[in-house]
Amino acid sequence: MNQLKIATRLGLLVGVMATLLLAIGSLGLYGMTRSDQALDTVYKDRTVPITQLSEIQYLQLRSLLSIVNAQMIASSASMSKAATEVQNNSRQAAELWAAYQASSMRPEETKMALAYGEIQKKYLQEGLEPAL
């Protein structure tokens, strides 16, 4: 190594450093890609379903408020308007629920979803529909 000229040594040093720089950069890009994939999975499996459940909750609350307002006003026009809104909200909630059930769930989430589906069906049949 002592027999090499300084220019050759510097060239080798720059070459080794450039190779290390490329290797470390590639490793960083690989790590970022893996992280992006993991976050994409979290987004699709957790964030989107939470948004769907939140929207379902909003639609149910909106239906309940429509019925209460219609009963307070106590006119046939307000009751028919409330009935239309409740039907639209129920349809939208059913679509969101179907999309939620199509998402990937853990076993305990599947159990809770089935229990909720039964409770929701009972709520619609014994709660909202008779109120209209």
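Trainee: What makes Ile6 count as exposed, and in which helix is Ile6 found?

Mentor: In this predicted model, Ile6 is found in helix 1, which covers residues 6-73. The relative accessibility of Ile6 is 60%. Exposed means over 50%, so Ile6 counts as exposed.

Trainee: Which nonpolar surface patch includes Ile6?

Mentor: Ile6 makes a patch of about 720 Å² together with Leu10, Leu13, Val16, Met17, Leu20 and Ile24. A patch residue needs over 30% relative accessible area, and Ile6 has 60%.

Trainee: Why are helix 1 and helix 2 called roughly antiparallel?

Mentor: Helix 1 and helix 2 (residues 76-102) pack at an angle of about 165 degrees. Angles over 145 degrees count as roughly antiparallel, and therefore the term applies to helix 1 and helix 2. Their axes are 9 Å apart, and helix 1 passes helix 2 in a left-handed crossing.

Trainee: What is found in the loop between helix 1 and helix 2, and what is stated about its phi?

Mentor: Ala74 is found in that loop. Ala74 has a positive phi of about 60 degrees although it is not a glycine. Its relative accessible area is 62%; the cut-off for exposed is over 50%, so Ala74 is exposed.

Trainee: How many salt bridges does a search of the whole structure find?

Mentor: The search finds four salt bridges. One of them joins the side chains of Glu109 and Arg46, at 3.3 Å from N to O. This pair links distant parts of the chain, with Glu109 in helix 3 and Arg46 in helix 1, 63 residues apart.

Trainee: What makes the contact between Glu109 and Arg46 a salt bridge, and why is Arg46 called partly exposed?

Mentor: The limit for a salt bridge is 4 Å, and the side chains of Glu109 and Arg46 meet at 3.3 Å. Arg46 has 27% relative accessibility.

Trainee: Which side chain meets Arg62 in a salt bridge?

Mentor: Glu85 meets Arg62 at 3.0 Å, N to O. Here too the pair links distant parts of the chain: Glu85 is in helix 2 and Arg62 in helix 1, 23 residues apart. At 33% relative accessibility, Arg62 counts as partly exposed.

Trainee: How do you know that Glu95 and Arg91 form a salt bridge, and where do they lie?

Mentor: Their closest N and O atoms are 3.5 Å apart, and the limit is 4 Å. Glu95 and Arg91 both lie in helix 2, four residues apart, about one turn of the helix. Glu95 has 48% relative accessibility and Arg91 has a relative accessible area of 43%. Exposed requires over 50%, so Glu95 counts as partly exposed, and Arg91 is partly exposed.

Trainee: Why is Glu118 called exposed?

Mentor: Glu118 has a relative accessible area of 51%. The cut-off is over 50%, so Glu118 is exposed. Glu118 lies in helix 3, residues 107-131. Glu118 and Leu61 are 57 residues apart in sequence and 18 Å apart in space, C-alpha to C-alpha.

Note on methods. Residues are numbered from 1 along each chain as its sequence is written. This is a predicted model: local features need pLDDT of at least 70, side-chain atom pairs count only at pLDDT 80 or more; totals for chains, interfaces and linings use all residues. Side-chain values use heavy atoms; hydrogens and water are left out. Helices (H or I, at least four residues) and strands (E, at least two) are DSSP runs, numbered from the N terminus. Buried means under 20% relative accessible area, exposed over 50%, partly exposed in between (1.4 Å probe, protein chains only). Patches are made of residues with over 30% relative accessible area and no salt bridge: like charges are joined within 9 Å, nonpolar side chains (Val, Leu, Ile, Met, Phe, Trp, Tyr) within 5 Å. Accessible areas come from the Shrake-Rupley method with a 1.4 Å probe; for residues, only the protein chains shown count as cover. Axes are lines fitted to C-alpha atoms, for helices over the stretch in contact, and angles run from 0 to 180 degrees between N-to-C directions. Angles under 35 degrees count as roughly parallel, over 145 as roughly antiparallel, 65 to 115 as roughly perpendicular and the rest as oblique. A crossing is left-handed if the near helix is turned anticlockwise from the far one by less than a right angle, and right-handed if clockwise.
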